[in-house]
Amino acid sequence: MSGLIDLSASQAAAAIKRGEVDPGALFDLYRQRAATDSLNAYTWVAEQAPKAPPQPSLGGVPLAVKDLFCTEGVPSQSGSRILEGYRPPYTATVVERLAQAGAPLLGKTNQDEFAMGSSNENSAFGPVLNPWDRARVPGGSSGGSAAAVAAGLAPWAIGTDTGGSIRQPAALCGIVGLKPTYGAVSRYGMIAFASSLDQAGPLTRDVSDAALLLSHMVGERDPLDATSLDFPEPIAMPSRRTLAGIRLGVPSELTGEGIEPGVLGAFQATLELARQLGATVESCALPHAPHALAAYYVLAPAECSSNLARFDGVRYGYRAADPDDLLSMYERTRHDGFGVEVRRRVMLGTYVLSSGYYEAYYGRAQRVRTKIAADFAAAFERFDFVVMPTSPCVAFELGSKLADPYAMYLNDFLSVPASLAGIPALSIPNGLASPPGGGTPLPVGFQLAGPAFSESQMLDVAFALEQALGFDGRAVRS
Amino acid sequence: MIDRDTVLHVARLARLELTDGEVERMVGELGGVLEHIETIAQLDLDGVPPTTHVVEVANALREDEPRASLSRQQALAGAPAVADEGFAVPSPQA
């Protein structure tokens, strides 16, 4: 049976269609692996294979789903104690669409609480371990989804990305992660963190799997999500072998200071490979990118403080026992129900939105956001894609960045610019690098960002790089 | 810039109880993060419009037609306390 695990999701779907693999057996194999998971990647695992709809396009290849997607009757806590016991009465549109297409729910994956974090250490369910080195974090916030895919505990997974929460854990676990254009995937049924930034996307073993999964996540706009958009054309399956005619821009602001030497070394080597494949590689400017992190840590907490106001102990989840009155019920429920990082962001967001500070922080941050989007638009007049490392570091040790919140936020400085601009960005593994001070080499991620709705072309370019890089994304890490 | 009184005021706005130790820690942590955030104060942003939506989109309106929603029973199913077919909460002035 071990041969089945080595199949990529696309290969498994094709094998099912040819009648070589039984989808029920495939589901059971992954179900057993997920149920005995020792990475703490899962928060819930299906008890049995669902009855498969006849001839679905994805064949019945099971899907791991980040905890924050609502799934009817199945625990959906967004990694938080405050949603203890919550079983939603409905299912998120994207989970429903994927199940209809033949990717049934295998399990729910661990995550940073309400998707706030870059290490998956902020979960009410405890941290997820990186399958490459169990003393290290898998990245976050979609750390459970990334670890599950890397360790062969799921054929593929979906997560969400607000400031890098798909791309960064994908990079730290050596897999592919794609954040689509804002609005491309319905947010209906996603427990919201920062609504103007949150976007669902695939985490997969290779680029072809990402394209196949994404092709069933986008399409017609969802009438239940007013910000969702019709995707202009179907996602094309990647096939490109050269990069002739492709122009890659390398922003000096995001490819120098603050990045580990091993990560930069891998990045430079991949640029050289891109040149050999025929791409033109030139430097470009994103002058406001150095301010993206500051703007992000105003806007995301502001939206978080507003979105998380709904968790008050009244309608669902946890309520503090024996409150004095209504106000103390709210205040104690929110204190006990939210973890340390979520409280910090609720406080930060409430502060920047409070009377007297709104324009200085929130107003200015929204103007910086306009400038960042304009920087990308200018770059895309000369370049097809802008490229940079995904994460400034390889997977770091559990607990090593918990003392200083800003040190943790710095993990996001290469991923938040594309988030603020609402443009698609993906991370592919581009080799291994030792952490500073030495040690076992760990995966590094290479990031491409492109214009809105350029996902098919971006996946095509990533495919050519993936083939040339030869990174074995299908190997099961444990 | 951020002192104990500010933290207590903001915590009240956010309906968030904090212990004395947590208030102290929050003073330091919020101050530290805001120090980094304040770099955006140096930028010249005169005449730059704030972003309202990242992808150009016209009003996304739908027909105002009634449609099914959750039943009362479904809506109450996850509530910590229920009374008289509604959400039960403590009195505002116990």
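This is a predicted model: local features need pLDDT of at least 70, side-chain atom pairs count only at pLDDT 80 or more; totals for chains, interfaces and linings use all residues.
View 1. Helix H7 covers residues 207–215 of chain A, and because nine of its nine residues are buried, it is largely enclosed by the rest of the structure. The buried set begins with A:Val207, A:Ser208 and A:Asp209, continues through A:Ala210, A:Ala211, A:Leu212, A:Leu213 and A:Leu214, and ends with A:Ser215.

**View 2. Chain A as a whole.** Chain A is built with 15 helices and eleven strands. Its radius of gyration is 21 Å, close to the 23 Å that the globule rule gives for 478 residues, so chain A is as compact as a globular protein of that length. Along the principal axes, the C-alpha atoms of chain A fill a box of roughly 70 × 55 × 50 Å. Of the 478 residues in the chain, 65% count as buried, and among the contacts in chain A with a separation of 6 or more, 76% are accounted for by residues 24 or more positions apart.

**View 3. The two assigned domains of chain A.** The domain assignment places residues 2–244 of chain A in domain 1 and residues 290–364 in domain 2. Taken over C-alpha atoms, the centres of these two domains are separated by 27 Å. Their contact takes 21 residues from domain 1 and 17 residues from domain 2, and the domain 1 side of this contact has ten nonpolar, eight polar and three charged residues.

**View 4. The side of chain A that touches chain B.** In the contact between the chains, 54 residues of chain A meet 41 residues of chain B. The elements of chain A that give two or more residues to this side are H9, H10 (326–337), H11 (340–353), H12 (358–382) and H13 (405–409), and H12(A) gives the most, with eleven residues. By class, this side of chain A divides into 28 nonpolar, twelve polar and 14 charged residues.

**View 5. Helix H9 of chain A against helix H2 of chain B.** H9(A), residues 292–307, and H2(B), residues 20–37, pack at an angle of about 130°, with their axes 8 Å apart; the two helices are therefore oblique to each other. H9(A) makes the contact through A:Ala294, A:Tyr297 and A:Val298, and H2(B) through B:Val33, B:His36 and B:Ile37. This contact has five nonpolar residues, one polar residue and no charged residues.

Key. Residues are numbered from 1 along each chain as its sequence is written. Chains are lettered from A and ligands numbered from 1 in the order in which they are written. Axes are lines fitted to C-alpha atoms, for helices over the stretch in contact, and angles run from 0 to 180 degrees between N-to-C directions. Helices (H or I, at least four residues) and strands (E, at least two) are DSSP runs, numbered from the N terminus. Angles under 35 degrees count as roughly parallel, over 145 as roughly antiparallel, 65 to 115 as roughly perpendicular and the rest as oblique. Two residues are in contact if their C-beta atoms, placed from the backbone, lie within 7 Å. Ala, Val, Leu, Ile, Met, Phe, Trp, Tyr, Cys and Pro count as nonpolar, Asp, Glu, Lys and Arg as charged, and the others, Gly among them, as polar. A residue is buried if 20 or more other C-beta atoms lie within 10 Å of its own, exposed if 12 or fewer, and partly exposed in between; C-beta atoms are placed from the backbone. Domain bounds come from an automatic or database domain assignment. The radius of gyration is taken over C-alpha atoms; the globule rule is 2.2 Å times the number of residues to the power 0.38.
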